[in-house]
Amino acid sequence: MTRVDENTVFLTEGTSVPQKVFTRGLQPLGGRLGVHINGTFRISKRVLRLPGKITCEYIPLEHHGDFSVREGLHVKPMLDGAPLTTDFFRVDCLSSTGKRYLNIHSGVARNKDVLSRLETLGSISSIPVMTPPSTHTSKQESVPLSLSLISKSLPSLNLNVFMFGFDSMSRMSWIRLLPRTRKYFLETLGGLELEGYNIVGDGTTAALLPILTGHHEEELPEARRGMPGAQPVDGHPWVWKEFKRHGYVTAYAEDMANVGTTAHRPLHEAVLQEAEEKIYGIYYPYCLGSTPRHLNFMHWFEELFATYTRHPKFFFGFHSELSHNSNFLVQALDEDLVLFLDRLEKSGHLNSTLLILMADHGARFSYIRATTQGKLEERLPYFALRFPPWVKQLHPQLIRNLEINTRRLTTPFDIHETLMEVLTYSGSGLGDISKRAISLFKEIPKHRSCSHAGVTPHWCACLKFYRAVGVKSAINEINSYTKSNRKTCAMLRLKKITSVARYLPTYEDYVAEDNLRQYEESFTQPRRQNYLDVNQEVYQVSFISQPGNGHFEVTCTLDTTTGNFFVASTDINSRRRKREDDLNELLQASAPLPRTLRVPRHQERPRLNH
């Protein structure tokens, strides 16, 4: 998880525990010590009524470099009602009867520096007070008074932003596995789903960086650990920096930093990344004591909303544990997610909040990925937005455009542009199709194609492919990328081509690609992309390689004038099983290659999928 901090510190739940000492006899109500929303340490009344005197020790958990966590100053005894000093802490309670309780907890410590900054900005910038109403917002149709007086005079939409995402959930997976959440979101809250939301690259990083920075990773300074000149990603143009500049409280949370957005890309002040799983092993799977970890994740955001009620907020939460390896487990949190959203709604917080439910991409490891259905689902993740009812009263065309855009081609770049428009709303109208990113508040032209939106043929779910001859040259291109790392990366050989298709572009595609090329070449670090040309043919090939029975999917471009093929590393993805993906990650330090090309030599055994 992440602590609210002046610099938006990144954190993850958990730390090491010396021994298995959790005792159910002293376990408080709900499996929690009851850390209240006012930033205080509380022990449940049920536990206080138990026989014997209870003495608790409070151990703050603080970041220490990129990979470790250290304990802060211990507080013993930690009295019921005492203020929290950190958001994440270990609690060790001992009863005079000999029973013991030990667990990791999260809360929201009131950050005096943040509060001081917010009050200062508020006094000089007339930032609206975000006090939620006490009534149920689905029944409240009127504009909150504090907003109605200023919304028409300020360029900002005066909204909090809360983005809550899941790893590896396509729109179809969401429909299949989270039906209660979807029904509540659409029917009770009145949310809207993007039916044509298309990813622009492989994996979480490629999916979230365009949302959170407005750029492909290749357009940003090198940050991959092991690459020459790599720098921490702190310097990236993160979207929350802009929200902070406008006076927002910002918070970012991931529950699995080891597979998260900045995995293998150092982030200063990252906390608890390696130690988290050590404590997980002493409890039942997916739990902290008797509390499911996803509930702890949700409760932390509720406490953030309650602690900073009067201030504008930008919160981003990304949950991976129940959906990353296989998204079938995510069904377990369907009801809890509904209750979580309903509590935010009934407390009034959603009446001043743009709520976004989303995923980074579809499943990448499951058996369904080997099918055509799975290929499309990987490219079409879930993305949905919900505005408070009063926004439609003030900006009816904005909502109308959003409704139209639910059936248009949209990308992560459009989401970034939309977030910027929350801060500096420029009005509705028709989106400029010559630009890669179009705000969802503007109508996206119906004839927009992947070429207009900057989606390469490899990732575009809208293309029409036709059967064609096999293209075995693709395997040679992959081997050329791994040549300099032959000690750790095996030479691949083609075993079997499973499918081949040829894309036939239209004249409009060529024009759109040419416009996009000129636009991207204006960047300081232009991205080398596989652009279309009249003398090129595009093929998409799925094949199995040996050794290891690796399943690859490649989009390659044939230059008809020379007969040569070109394969961009960003247009290769491997359909690995999770076990092989973990082994590939071990090579990152010694062989900093694109993640889809890493094939360790020690895996040269039958039946492995890399």
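In what follows, a residue is called buried if its relative accessible area is under 20%, exposed if that value is over 50%, and partly exposed in between, with a 1.4 Å probe and protein chains only taken into account. The structure is a predicted model, in which local features need a pLDDT of at least 70 and side-chain atom pairs count only at pLDDT 80 or more, while totals for chains, interfaces and linings use all residues. Residues are numbered from 1 along each chain as its sequence is written, and side-chain values use heavy atoms, with hydrogens and water left out.

The cysteines are described first. If a disulfide is taken as a pair of cysteine sulfur atoms within 2.5 Å, a search of the whole structure finds 2 of them. With bonded cysteines counted along the chain, the disulfides of the protein chain follow the pattern 1-2, 3-4. The link of Cys450 and Cys460 is right-handed, with 80 degrees about the S-S bond. Cys450 is buried, with a relative accessible area of 5%, and Cys460 also counts as buried, at 6% relative accessibility.

Cys462 presents another case, because its sulfur is 4.3 Å from the closest cysteine sulfur, that of Cys460, which is too far for a bond. Cys462 is exposed, with a relative accessible area of 52%, whereas Cys556 is buried, with a relative accessible area of 0%.

The other disulfide is formed by Cys56 and Cys93, whose sulfur atoms are 2.0 Å apart. Because Cys56 lies in strand 1 and Cys93 in strand 3, the pair ties together parts that are 37 residues apart in sequence. The torsion about the S-S bond of Cys56 and Cys93 is about 110 degrees, and the disulfide is therefore right-handed. Both Cys56 and Cys93 are buried.

An open sheet is formed by 4 strands in the order 2-1-3-4, with antiparallel pairing, where two strands are said to pair if DSSP finds at least two bridges between them. Its edge strands are strand 2 (68–71) and strand 4 (100–106), each of which pairs on one side only. From one strand to the next, the twist averages 25 degrees, with axes being lines fitted to C-alpha atoms (for helices over the stretch in contact) and angles running from 0 to 180 degrees between N-to-C directions.

Across the sheet, strand 1 and strand 2 run antiparallel and are joined by 4 bridges, and the bridge partner of His64 in strand 2 is Ser68. Strand 1 (residues 54–64) also pairs with strand 3 in the antiparallel sense, over 7 bridges, and Glu57 stands opposite Asp92 of strand 3. Strand 3 (residues 88–95) pairs in turn with strand 4, again in the antiparallel sense and over 7 bridges, with His105 of strand 4 as the bridge partner of Phe89. In a regular strand the side chains alternate between the two faces of the sheet.

Charged side chains form a further group of contacts. With a salt bridge defined as a side-chain nitrogen of Lys or Arg within 4 Å of a carboxyl oxygen of Asp or Glu, the structure holds 22 salt bridges. One of them joins the side chains of Asp92 and Arg100 at 2.6 Å, N to O. Asp92 counts as buried, at 16% relative accessibility, whereas Arg100 is partly exposed, with a relative accessible area of 27%.

Another salt bridge brings together the side chains of Glu335 and Arg180 at 3.2 Å, N to O. This pair links distant parts of the chain, with Glu335 in helix 10 (residues 334–346) and Arg180 in helix 5 (residues 179–188), 155 residues apart. Glu335 is partly exposed, with a relative accessible area of 45%. The side chains of Glu378 and Arg379 also meet in a salt bridge, at 3.6 Å, N to O, and both Glu378 and Arg379 are buried. Finally, salt bridges that share partners join Arg171, Arg182, Glu193, Glu195 and Arg407 into one network.

Technical notes:
Helices (H or I, at least four residues) and strands (E, at least two) are DSSP runs, numbered from the N terminus.
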